[in-house]
Amino acid sequence: MNAVAKTLIPRKTPAQARSAATVDTLRMAAIQVLLREGLSRCTTTRIAERAGVSVGSLYQYYPNRDALLAGVLENHLEGVAGAVERACHEHRGQQLSQMGSAFVVAFLAAKLREPEEAKALYAIAEERGGATLAARMRARIVAAVAAMLASAPDAHFDDPAMVAKIALGALVEPVQTLLKEHAPAHFRTRLERELVLLVTAYLQAHRFNPERPGAPAAIAEARAAARGPA
């Protein structure tokens with residue numbers, strides 16, 4: 001672990017309910033100050049004031065502002081990963097269409113539960129260990145989706161993890177567009193429906209088992225059609 005990463009580690013993990021409540025309050029205050037004041041004015045002093053605690057109390061748990069912000073980001077990403085993991089576990093062994101819909105709905109619900117919070121966190125995601133935390137979240141989601149897909153009774157997946165990565169990638173960019181680029185109002189209202197259609201169609205393409213007779217020829221024919229006339 002490098003020196004920069006070490007500065008983002010909390011001083012201690014709350015073991016008692018009262019300490020956990022204080023940490024939750026600090027995280028919520030950090031989000032509120034970040035939204036109201038912006039990153040440059042999001043200081044430990046302002047966060048502590050917003051939380052109603054002393055700066056000394058803040059420093060009991062976090063060595064600096066960036067460590068607190070990294071904790072806020074990690075908590076958000078943990079929530080997203082956890083929501084998808086639960087949905088995937090609950091839908092193991094079900095039909096592929098149900099799996100696809102459950103994955104999309106769970107991801108969007110968790111990611112967009114507090115859209116302003118998620119939008120604010122993009123301001124810190126590229127620093128403060130954000131890349132590492134995001135990669136950890138993606139790995140958890142891919143593992144959960146892959147395990148769910150492997151249990152599908154109506155499809156065959158040679159590489160469930162690769163399929164899971166592609167399906168997750170199909171969700172990430174539209175959500176970023178919604179949160180970062182001031183998408184029009186109708187974009188969000190249609191987003192879930194369109195992404196369910198997209199991911200479900202992609203997953204259902206694997207109903208076609210490559211091991212069945214005639215599969216290689218059919219794949220070659222589809223590729224030729226996609227390329228068009230020579």
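This is a predicted model: local features need pLDDT of at least 70, side-chain atom pairs count only at pLDDT 80 or more; totals for chains, interfaces and linings use all residues.
How many helices and how many strands does the protein have? There are 11 helices and 0 strands, where a helix is a DSSP run of H or I with at least four residues, a strand is a run of E with at least two, and both are numbered from the N terminus. Residues are numbered from 1 along each chain as its sequence is written, and side-chain values use heavy atoms, with hydrogens and water left out.

Let me begin with the whole chain. Read along the sequence, the pattern is α-α-α-α-α-α-α-α-α-α-α. Of the 230 residues in the protein, 38% are buried, and buried here means under 20% relative accessible area, with exposed meaning over 50% and partly exposed lying in between, for a 1.4 Å probe and protein chains only. If we take the contacts with a separation of 6 or more, residues 24 or more positions apart account for 71% of them, a contact being heavy atoms within 4.5 Å.

Next, α5, which runs over residues 65-90. Its 26 residues should span 38 Å at 1.5 Å a residue, and because the end C-alpha atoms are 38 Å apart, the two values agree; the expected span is 1.5 Å times one less than the number of residues.

Thr-44 belongs to helix α3, residues 44-51, and it counts as buried because its relative accessible area is 10%. The side chains of Thr-44 and Tyr-59 are joined by a polar contact of 3.1 Å, that is, a pair of N or O atoms within 3.5 Å where, within protein, one must be able to donate a hydrogen and the other to accept it, and where residues adjacent in sequence count only if both atoms are side-chain atoms.

Where is Leu-112 found? Leu-112 is in the loop between α6 and α7, and with 7% relative accessibility it is buried. Not counting residues up to four places away, Leu-112 touches Val-175, Leu-178, Leu-179, Arg-188 and Leu-191. One of these, Leu-178, is 66 residues from Leu-112 in sequence, yet the two C-alpha atoms are 9.5 Å apart in space.

Leu-191 sits in helix α10, residues 185-204, and is likewise buried, at 7% relative accessibility. Beyond four places in sequence, Leu-191 touches Leu-108, Leu-112, Pro-174 and Leu-178, and its C-alpha lies 7.9 Å from that of Pro-174, which is 17 residues away along the chain.

Leu-195 is also in helix α10, and at 4% relative accessibility it counts as buried. Leu-195 and Ala-170 are 25 residues apart along the chain, with their C-alpha atoms separated by 7.8 Å. As a general point, an α-helix has 3.6 residues a turn, so residues three or four places apart point the same way.

On a 1 Å grid over the protein atoms alone, a cavity is a set of points where a 1.4 Å probe fits but cannot get out, a pocket is an open set with protein on both sides within 12 Å along at least five of seven lines, and lining residues have an atom within 4 Å of a point.

The largest pocket holds about 370 Å³ of space and is lined by 19 residues, with Lys-111, Tyr-122, Ala-125, Ala-134 and Gln-176 nearest its centre. The elements giving two or more residues to this lining are α5, α6, α7, α8 and α9, and α8 provides the largest share, 5 residues.

The structure also holds 1 cavity of 30 Å³ or more, and the largest cavity has a volume of about 40 Å³. Its lining consists of Glu-74, Leu-77, Glu-78, Leu-133, Arg-136, Met-137 and Arg-140, and α8 gives the most, with 4 residues.

Technical notes
Grid points are joined across faces, edges and corners, and a volume is the space filled by probe spheres set on the points.
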